[in-house]
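Thanks, everyone. I'd like to talk about charged pairs today. Have a look at this one first.

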Amino acid sequence: MPEQTWSPDPETPVVEFRSGRWVFIGGLALFVVFGLGALFPDVGHPSASSRAKNFTPTAASFLFGALALGGLLVMISSVPRMHRFVVDQRGLWWGAGRKSDLIAWEELRAVRGREPRPPVKGDPNSKPVLPALVFTPADGRFATRHSALVKPLPDAGPEVELRLPNIGTVRQLTQEIARVRPDLLR
């Protein structure tokens, strides 16, 4: 049984977001649309084109059934998960499903919020900047210990990032960290 680290105080505010929601909805749409096409291949008027005349209802049902099955698999593999963050005196708690983690304040030198930016126009090498919390860890093994939560930045040296879905979540977490540990924010 894995060790459970999620145990923040119930009185502490929780910052939440769902991941994978739009992929799930896209898979559901594929499943419904192509599933209906597979169930009712003869609906509509026959086409005048010669290609449609050679395409049998059985072949159409098979094709639409395969696309509906693909939509079902996309939907199953992307079930939305609720991510919860709590900031308290011990650190930043994260919980998603059965996974959880605690980033203790002693493991960090600094934290900053990063706002999203679109790619620079006219620069083909420019990439968009995604919203994230960027941590400066106290030691080099930080990214390994918290690999389920953070990713190392390729060109930022020791900094690691916690990617978040939107700037609102970044701002909420930054405000909560400022409330508890303002000395870490930069």
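Start in helix α5. R179 and E176 sit 3 residues apart there, so about one helical turn separates them. The two form a salt bridge, and their closest N and O atoms are 2.7 Å apart. Is E176 buried or exposed? E176 is buried, at a relative accessible area of 15%. Keep in mind that this is a predicted model.

Stay with helix α5, which covers residues 167–180. R171 pairs with E115 in a salt bridge, with 3.3 Å between the closest N and O atoms. This one links distant parts of the chain. E115 is in the loop between β5 and β6, and R171 is in the helix, 56 residues apart.

Next pair: E159 and R112. Their salt bridge has its closest N and O atoms 3.0 Å apart. Where do the partners lie? E159 is in the loop between β7 and β8, while R112 belongs to strand β5, residues 108–114. They are 47 residues apart in sequence, so the bridge ties those parts together. E159 is buried, with a relative accessible area of 11%. R112 is partly exposed, at 23%.

Now a group of three. E107, D139 and R145 are linked in a network of salt bridges.

And the total? How many salt bridges does the structure hold? The count is 10. Among them are R179 with E176, E115 with R171, and E159 with R112. That's my tour. Over to you.

Definitions and conventions: Residues numbered from 1 in each chain as written. Predicted model: local features only at pLDDT ≥ 70, side-chain atom pairs only at ≥ 80, totals over all residues. Heavy atoms only, no water. Salt bridge = Lys/Arg side-chain N within 4 Å of Asp/Glu carboxyl O. Helix = DSSP H or I, 4+ residues; strand = E, 2+ residues; numbered from the N terminus. Buried < 20%, exposed > 50% of the residue type's maximum accessible area, 1.4 Å probe, protein only.
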